Amino acid sequence: MEKKTTTIRLIYPQWQGGVIAHWIPDIPAEDASRGYYLGAQFLNMLAPENTHRTIEVPVSMDINDRATENGICSYRVILQQTQSALHSLQENNPDKIVTLGGECSVSVAPFTYLAEKYPDDLAIVWIDAHPDITLPYDEYQGYHAMALTACLGMGDKEIISLLPGKVKASNALVVGLRSWDAGMKERQQELGIQGLSPAEVRNDSSAVLGWLKSTGVSKIVIHLDLDVLDPAEIIAGVGVEPDGMKINEVVRVINDIASGYDLVGLTIAEPMPRTAIKLRNLLHQLPLLR
């Protein structure tokens with residue numbers, strides 16, 4: 001009898017990896033910092049209902065637990081929450097994982113878990129305006145910008161030692177790429193990570209599918225950072241880089257990949273519900289509601 005494939009929905013509202021409050025000045029700093037938490041809950045509420053088991057990673061809401069250590073903001077709490085996420089995955093042993101975050105580092109635990117489960121047969125398609133390949137002690141200390149390099153086995157030694165697997169850099173593709181931190185173009189080239197701009201996937205998915213064919217793998221994980229979307233159409237994430245991918249283009253690329261390959265991991269990350277935060281703050285100031 002054929003083994004039944006198990007899929008879990010992992011709610012992973014980690015917000016500590018982002019150092020982003022200064023980019024959202026119209027929202028109080030503490031609310032902006034923790035906005036990813038509310039964003040993950042909204043994604044779960046809006047996603048289609050199904051029979052998959054749902055697991056939520058416990059996440060601290062202590063705004064004061066933001067100490068930088070080893071070049072990473074909120075290092076200790078991120079380390080603890082990574083351990084918790086991996087424990088849940090190993091305990092449930094799923095074949096496929098849908099992760100609703102949370103900032104971009106929520107992909108690290110599920111993707112490295114799947115890399116161990118499917119060794120040498122896994123590629124990462126990272127759909128993002130940014131490459132997320134910074135390292136500890138780079139200028140920016142937010143762990144979410146180190147997420148892809150962590151999936152490739154690079155970064156803080158203690159965090160990397162926890163991760164069960166890794167994907168080689170030649171099996172990572174960034175789609176929708178149009179913004180780099182200082183030195184990131186050079187690092188991308190040094191690591192051999194391929195990148196495609198929004199224009200290169202505007203009309204069809206052939207560039208993505210051609211790259212996937214060259215890897216020789218059968219299984220794919222996809223990371224979708226909502227800031228890849230064109231802000232002229234929708235502002236759903238923190239980043240508002242112009243000339244991004246349209247919603248229908250993102251949907252088409254992901255579905256084209258899933259039609260030809262075994263999609264074993266899908267992350268939706270970086271939701272920043274600005275309007276919902278403002279409405280919540282309004283409600284919290286009204287009589288009879290408190």
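Helices (H or I, at least four residues) and strands (E, at least two) are runs assigned by DSSP and numbered from the N terminus. The model shown is predicted: local features need pLDDT of at least 70, side-chain atom pairs count only at pLDDT 80 or more, and totals for chains, interfaces and linings use all residues. Residues are numbered from 1 along each chain as its sequence is written, and side-chain values use heavy atoms, with hydrogens and water left out.

**View A. Glu270 in the loop between strand 10 and helix 10**. Strand 10 covers residues 262-269, and helix 10 covers residues 274-283. Glu270 is not a glycine, yet its phi is positive, at about 70°. The relative accessible area sorts residues into buried (under 20%), exposed (over 50%) and partly exposed (in between), using a 1.4 Å probe and protein chains only. Glu270 counts as buried because its relative accessibility is 3%.

**View B. His144 and the residues that it touches**. His144 belongs to the loop between strand 6 and helix 5. With a relative accessible area of 8%, His144 is buried. Contact is defined as heavy atoms within 4.5 Å. Leaving aside residues up to four places away in sequence, His144 touches Gly17, Gly18, Val19, Ile20, Tyr36, Glu103, Cys104, Ser105, Asp132 and Glu270.

**View C. The aromatic pair of Trp23 and Tyr140**. Rings of Phe, Tyr and Trp (its six-membered ring) pair if their centres lie within 6.5 Å; planes under 30 degrees apart count as stacked, over 60 as edge-to-face and the rest as tilted. Counted in this way, there are two aromatic pairs. In one of them, Trp23 and Tyr140 are tilted, with 5.9 Å from centre to centre and 40° between the planes. The pair links distant parts of the chain, 117 residues apart: Trp23 is in the loop between strand 1 (7-12) and helix 1 (29-33), and Tyr140 is in the loop between strand 6 (122-127) and helix 5 (147-151). Trp23 is partly exposed, at 48% relative accessible area, whereas Tyr140 is buried, at 17%.

**View D. The aromatic pair of Phe111 and Trp126**. Phe111 is in helix 4 (residues 108-117) and Trp126 is in strand 6; the pair links distant parts of the chain, 15 residues apart. Both Phe111 and Trp126 are buried.

**View E. Lysines over aromatic rings**. A charge sits over a ring if NZ of Lys or CZ of Arg is within 6 Å of the ring centre and within 35 degrees of the ring normal. Lys185 lies over the face of Trp180, 4.5 Å from the ring centre. Lys219 has its charged end over the ring of Tyr118, at 4.9 Å from the centre of that ring.

**View F. The packing of helix 2 against helix 10**. Two packed helices are described by the angle between their axes and the distance between the axes. Axes are lines fitted to C-alpha atoms, for helices over the stretch in contact, and angles run from 0 to 180 degrees between N-to-C directions. The axes of helix 2 (residues 35-46) and helix 10 (residues 274-283) are 10 Å apart, at an angle of about 105°. Helix 2 and helix 10 are therefore roughly perpendicular; angles under 35 degrees count as roughly parallel, over 145 as roughly antiparallel, 65 to 115 as roughly perpendicular and the rest as oblique. Gly35, Leu38 and Phe42 of helix 2 make the contact with Ala276, Ile277 and Arg280 of helix 10. Of these residues, four are nonpolar, one is polar and one is charged. Here Ala, Val, Leu, Ile, Met, Phe, Trp, Tyr, Cys and Pro count as nonpolar, Asp, Glu, Lys and Arg as charged, and the others, Gly among them, as polar.

**View G. The cis peptide bond between Gly101 and Gly102**. The omega angle of this bond is about 25°. Gly102 lies in the loop between strand 5 (96-101) and helix 4.

**View H. Pro287 and Leu288 in the segment after helix 10**. Pro287 is exposed, with a relative accessible area of 59%. Leu288 is also exposed, at 87%. Leu288 has a positive phi near 70° and is a residue other than glycine. From Pro287 to Gly18 the distance is 33 Å, C-alpha to C-alpha, and 269 residues in sequence.
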